Amino acid sequence: MSATSEWVTPPTRPELIESLVSGVDRYNPSNVGILEDYLYHQIRSREYDCLANLAILKLYQFNPDLYNPDVVVNILVKALASVPFPDFNLSVALLDDRASNANMEEPDPLPGLLPFLNNLHSLLQQCRFPAFWALYRSDALESLRDNYTVEVVGFEDSIREVALRAVRATFQKIGRKRLGSYLDLEGSDLDEYVARLGWRSDTSTGVIEVPQNPDNQIASTVVQEDIKLPQLTKVISHAISAV
Amino acid sequence: MSQPRVSLWATEEIDEELQVDVNLAIGNYGQNGLYEDAQPKIDEATLIAVQHQMAQQAAFSQIPDAVKRFIVHFHQAVLENNLAEITVAYESGWNRLTEKHYSKTEWPEAEVIAPLVNDDQLFLILYRELYYRHVYSRLQPDIDDRFHSYENSCELFNYLLNSEDGPVSLQLPEQWLWDIVDEFIYQFQSFYVWRAKVKTKTEEELVMLADGSQVWSAYSVLNVLYSLIQKSKINEFILAQQQNKSEAEIAEIVGDYGSLPLYHMLGYFSLIGLLRVHVLLGDFTLALKVVENVELNQKNPFTRVTACHVATYYYVGFCYIMLRRYPDAIRVFVQILNFILRMRQYHTRSYQYDQINKTADRMYALFAICNALSPSRLDDNILNIVKDRYGDQFAKLSRGDEGLPAFEELFLYACPKFISANPPPYDDPEQLASYAEEPPSEPAQRHLALFVADVRAQAAVPTLRSFLKLYTSLDAAKLASFLDADEEEMVQQMMAVKAASRSVSRVGTEKNLLDGQMISTSDMDFVINENMVHISEVTVGRRFAGWFIRNTEHAQRVLDGVKNGPLPLAPQPAAGSEAESKSAPAQQKKVAWATAAKA
């Protein structure tokens, strides 16, 4: 099972969206409503479909009057949770810089939030999780938290997933405090969370064991050469005929 | 019908018109009818038309004879659908005459040469395509040229796609078909770049731009490409080929349009064209999705047009870079750069050679970038060429934070010329003024910023890697003290290093360009056990099998050659003893005999 097949075609994607994303109808501006509804569905039910969200951004690219900043912020918030996949960058790549649109009734929140979102993203990429939580909880991001991430069901858990992905790959055993700082959990919350994951926790030393996975098993190997029979056919056949 | 004598009388009152008419009567017999039916007062419009016609005739007479002959010959070939003749005329004739007569000016306008080809509209459309291509490449197109070339392209595609009787029977060489698509997209891109420069526009241009928002709109370009793809059913064709269907089945799948080589090739070239357009607009996943079924190898039947082949690899590789799939990008670039090196000798004469070389240069730069971000042990040959060309920048790339300017330079040099999908607001003068005051950032800068953010995330990687290579196990605190960094921060950097050594990549068995698995790209791996770092390295054992096999086969060939060779002439026992003697050349032979005896 390749890592990308789920990313390209999530199993939770309905037929209608599949035909939209894979066909020419994705350019039809009247379909933007369907895709936006699908985005809100993803937000409410913890699903994620990168290509469908990119299709929304592409429609905004070609039809600037359809632009809806809330949708864009939601897409970016969802993309934050899929690090290490490049979704966040791909989404930003599709946001053309637009001249200040005088037709908007309310001020456009995107230019204000975009630098913060970029910051959050680079913190996640550099695996600086404590700094991420600090920035996320700070006052500056209050509007982001109140208006956007609170709508996204399970946003904080999905960020914790990102942290766990990095931890799983790097650690065989990790100290409790350290893990807590990465997940922004402490005390009994942390214990509960770890128990839910099924990881073994040694309460006396405070060390949590990370289950084995291909990434955190290392072994010094020497790549041996495999000589296969077909490579020797010419030599052997020549020797036989010479005899 | 009035008598000629009567008209002579009638013109006594209108002297000036008479002058014009008389000239016409002398020049072209065919104009007499016009003259006789003329009202006594000839109105302004006719006068202008007549003067225009005179100008055209003057221009017509200035065309060199060689060019006239060429145009007639070319037209003949098109009428007869003689593919070989068309190819010759297109590839060598046009270029030769351009060099000789029109290297600094435009070719004659289509209206001027129309009489030569009896006003054949199809030929004139094709001629205009070549005419505008010449203008765009050698001269500076002005706004009229841009608008007209768009209209001409629309006419051409309309003819190909929407003729009432179904597919047209025209045949054109593949090179020309690729050039049509390539040029179409190039003019589109050039228009967008030109349109974005608000400050340099004249009043007249501003008015035209305000009215002509449909010209070169992204939707119409995409429409053309998608229509060509759909009509020729090229995707179905590729899938059917991969499934090894029979000829008859394939012919049925592709339908009327797809079985004609013109549409078939145009369909494929439109796929690559779409790939390019999506990359220019910044949508990298969609670009890869469009060409997902195309196989990137030399056995692909579509590699006959080298420029198309090279362009495909360039854009696919660039998409992989933006998707952070550096091993895939490296593999793609190595493949095509090797191909170009081998093909170089066959292509020196064509004008595409320059273009291919420029693309190759950019790909070397991109390869350098990928190699720095995801070191691999692939092709030494290419690596050496890159070091030659970009030596000092290449060295800087692997130095973490200091290398950032080098990354920026190489990226800006090698990236495609991105465009922004939205035009400046020409239809609203107020917004236009504020736009001119504060233009939004260029698309290339935006993409560069995204890329640099990626690179910055990996800035710690080279230093950490170099330290870790020295140990098999190491305490985290000790490592932190070496690096003079806070332990917790350093642990986080280690997680980033670990993330950097994992990439999604195609492992060789995937068909689809977007598929891939998570693989490890570094030969050095580590794991943290509470506070202890354990490191392991993957080393490659000595490979001697290939060397031995090759040399064994070589020795066998020598043995066979010697065995089958003629024996030395019989009555010369001296020759035999000469062979035994120690003279230098004979010694070689003796050695050969010796090994043959042993083998």
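How many helices and strands does chain A have?

1. Chain A has 13 helices and 4 strands; helices (H or I, at least four residues) and strands (E, at least two) are DSSP runs, numbered from the N terminus. This is a predicted model, in which local features need pLDDT of at least 70, side-chain atom pairs count only at pLDDT 80 or more, and totals for chains, interfaces and linings use all residues. Residues are numbered from 1 along each chain as its sequence is written, chains are lettered from A in the order in which they are written, and side-chain values use heavy atoms, without hydrogens and water.

2. The radius of gyration of chain A is 24 Å, whereas a compact globule of 243 residues would have a value near 18 Å (taken over C-alpha atoms; the globule rule is 2.2 Å times the number of residues to the power 0.38). The C-alpha trace of chain A spans about 90 × 60 × 30 Å along its principal axes.

3. Of the 243 residues in chain A, 47% are buried (under 20% relative accessible area; exposed is over 50% and partly exposed lies in between, with a 1.4 Å probe and protein chains only). D87(A) counts as buried because its relative accessibility is 0%. D87(A) belongs to helix 6 (residues 87-93) of chain A. Its C-alpha atom lies 8.8 Å from that of L54(A), 33 residues apart along the chain.

4. In chain B, E109(B) occupies the loop between helix 6 (83-101) and helix 7 (110-113). E109(B) counts as partly exposed because its relative accessibility is 40%.
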